[in-house]
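Here are some notes to keep beside you while you look through this one for the first time. Have the sequence and the 3D view open together and take the points in order.

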Amino acid sequence: MSDEELSTETAEEGSPQVETEESENSTSNQNSLREKFRLTGDEEILKDVKPSIFAFVPMYVISLIILGAHLLFAIDWDASSDDNFMVKTMVFLIELSDIGEIGFVLVMLGVAWFNRMLNGTTSGKWTTIFLLVVALTPPVLRLDDFIAWIMNKDSGFIPLDEFSYSLFGIFWAVLFTLFTIFYQRSFHYAITNHRVIFTQHLIIPGDGRRILFDNINEIRTQRTMLGAMFGYNTIICDTGSQLGIGEDAMSVSVGTTTGGNSGESVTAEGQVARGWFKKMFAFLTYQRTRKIDLPDPRFSFFCITNWKSIEQLLNEMHQRHSQSGILNDLKDQIAESQD
């Protein structure tokens with residue numbers, strides 16, 4: 001027997017085993033998806049999809065901005081009379097940063113405020129809180145050193161003697177990127193023969209929403225410039241409850257009056273400090289109002305690839321479960337019974 005015949009025979013003998021392993025893997029995957037989406041007995045998954053890897057590009061841009069802001073203060077700027085306005089501004093901020101990194105804190109607070117005012121996909125509360133933590137890191141380290149000095153200790157509770165712009169820039173940028181990847185991978189969508197399922201496995205497993213096809217009023221798409229560049233689109237299943245659209249008009253009002261028990265006495269300095277803190281907090285967390293569709297990744301097919309096939313399947317299932325589709329099925333059944 002030749003080598004070619006032997007290899008052919010071996011391949012033919014091994015093919016049933018390969019097919020069996022593929023079948024077992026497929027069955028295991030189907031069972032895992034059924035458990036993940038918590039399907040009913042006769043429910044079958046027709047399509048499942050996750051957001052595109054480019055879905056949260058603006059969030060990754062925030063990571064680069066965090067890194068860039070730190071690296072700007074790590075550069076040794078040297079201003080002269082011929083330098084432009086940006087160089088002179090950076091020299092002023094770096095000189096100001098010699099006193100507790102105040103210049104860097106002002107820049108990061110400005111980034112947090114500007115991002116909040118954009119009122120876009122990166123303007124959520126978690127991104128704002130993260131940027132505020134990054135901005136307030138140097139004052140926290142200085143406060144720790146001050147407490148150690150008061151307590152006559154060689155080092156404070158935080159084992160860092162100085163604030164390194166390069167190291168902290170890399171640390172915060174990488175951490176924000178990892179949070180974004182974890183958040184992006186938490187979304188998973190499915191179309192079954194009965195309904196549409198949106199899930200988010202972030203903190204609470206199986207958190208999400210399930211919509212029957214006959215409860216969907218409209219299926220529409222929303223494509224952005226980034227979506228056209230990277231080949232993804234967002235599909236919204238409108239049920240009339242506006243849950244497919246995120247809240248895009250947000251503002252925070254903070255009162256300046258002091259409160260407390262009637263028996264407490266507050267000094268004038270304390271009232272001024274409280275009023276200043278509340279005004280600063282209101283300024284940083286204020287968000288302008290705009291009326292646009294802002295899809296929520298928890299309740300829509302957010303930034304998915306191969307969106308045309310998903311849209312076509314949604315339209316077909318929506319039409320099949322609509323009143324006209326049901327009437328057509330009844331009409332066909334009556335015609336077949338008469339024949």
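1. Among contacts in the protein chain between residues at least 6 apart in sequence, 66% join residues at least 24 apart. Contact here means heavy atoms within 4.5 Å. Bear in mind that this is a predicted model, where local features need pLDDT of at least 70 and side-chain atom pairs count only at pLDDT 80 or more, while totals for chains, interfaces and linings use all residues. Numbering starts from 1 along each chain as its sequence is written, and side-chain values use heavy atoms, with hydrogens and water left out.

2. Now the overall make-up. The protein chain has 11 helices and 7 strands; these are DSSP runs numbered from the N terminus, with helices (H or I) of at least four residues and strands (E) of at least two. Of the 339 residues in the protein chain, 34% are buried. Buried means under 20% relative accessible area, exposed means over 50%, and partly exposed is in between (1.4 Å probe, protein chains only). The accessible surface of the chain is about 21300 Å², and carbon and sulfur atoms account for 58% of that. Those areas come from the Shrake-Rupley method with a 1.4 Å probe, and for residues only the protein chains shown count as cover.

3. Next, a helix pair. Two packed helices are described by the angle between their axes and the distance between the axes. For helix H5 (residues 125-135) and helix H6 (residues 137-150), the axes come within 4 Å and cross at roughly 45°. The axes are lines fitted to C-alpha atoms, for helices over the stretch in contact, and angles run from 0 to 180 degrees between N-to-C directions. H5 and H6 are therefore oblique to each other: under 35 degrees would count as roughly parallel, over 145 as roughly antiparallel, 65 to 115 as roughly perpendicular, and the rest is oblique.

4. Which residues of H5 and H6 meet? Val 133, Val 134 and Ala 135 come from H5, and Thr 137, Pro 138 and Pro 139 from H6. The residues of this contact divide into 5 nonpolar, 1 polar and no charged. In this scheme Ala, Val, Leu, Ile, Met, Phe, Trp, Tyr, Cys and Pro are nonpolar, Asp, Glu, Lys and Arg are charged, and the others, Gly among them, are polar.

5. On to salt bridges: a search of the whole structure finds 5. Each needs a side-chain nitrogen of Lys or Arg within 4 Å of a carboxyl oxygen of Asp or Glu. One of them pairs Glu 101 with Arg 142, at 2.6 Å from N to O. Glu 101 lies in the loop between helix H3 (85-97) and helix H4 (102-118) and Arg 142 lies in helix H6, so the pair ties together parts that are 41 residues apart in sequence.

6. Is Glu 101 buried or exposed? Glu 101 is buried, with a relative accessible area of 5%, whereas Arg 142 is partly exposed at 38%. Not counting residues up to four places away in sequence, Glu 101 touches Pro 138, Arg 142, Phe 163 and Tyr 165.

7. Arg 220 is worth a click as well. Its salt bridge with Glu 218 has the closest N and O atoms 3.7 Å apart, and its salt bridge with Asp 238 comes in at 3.3 Å, N to O. Arg 220 lies in strand E5 (residues 218-222) and Asp 238 in strand E6 (residues 233-238), so that pair ties together parts that are 18 residues apart in sequence. Through shared partners, salt bridges join Glu 218, Arg 220 and Asp 238 into one network. Asp 238 is buried, with a relative accessible area of 15%, while Glu 218 is partly exposed at 37%.

8. Where does Phe 54 sit? Phe 54 is in the loop between strand E1 (45-49) and helix H2 (57-74), and is partly exposed at 32% relative accessible area. Leaving aside neighbours within four places in sequence, Phe 54 is in contact with Phe 230 and Tyr 232.

9. Finally, Leu 46 is in strand E1 and counts as partly exposed at 38% relative accessibility. Its contacts, leaving aside neighbours within four places in sequence, are Ile 191, Thr 192, Asn 193, Leu 313 and Met 317.
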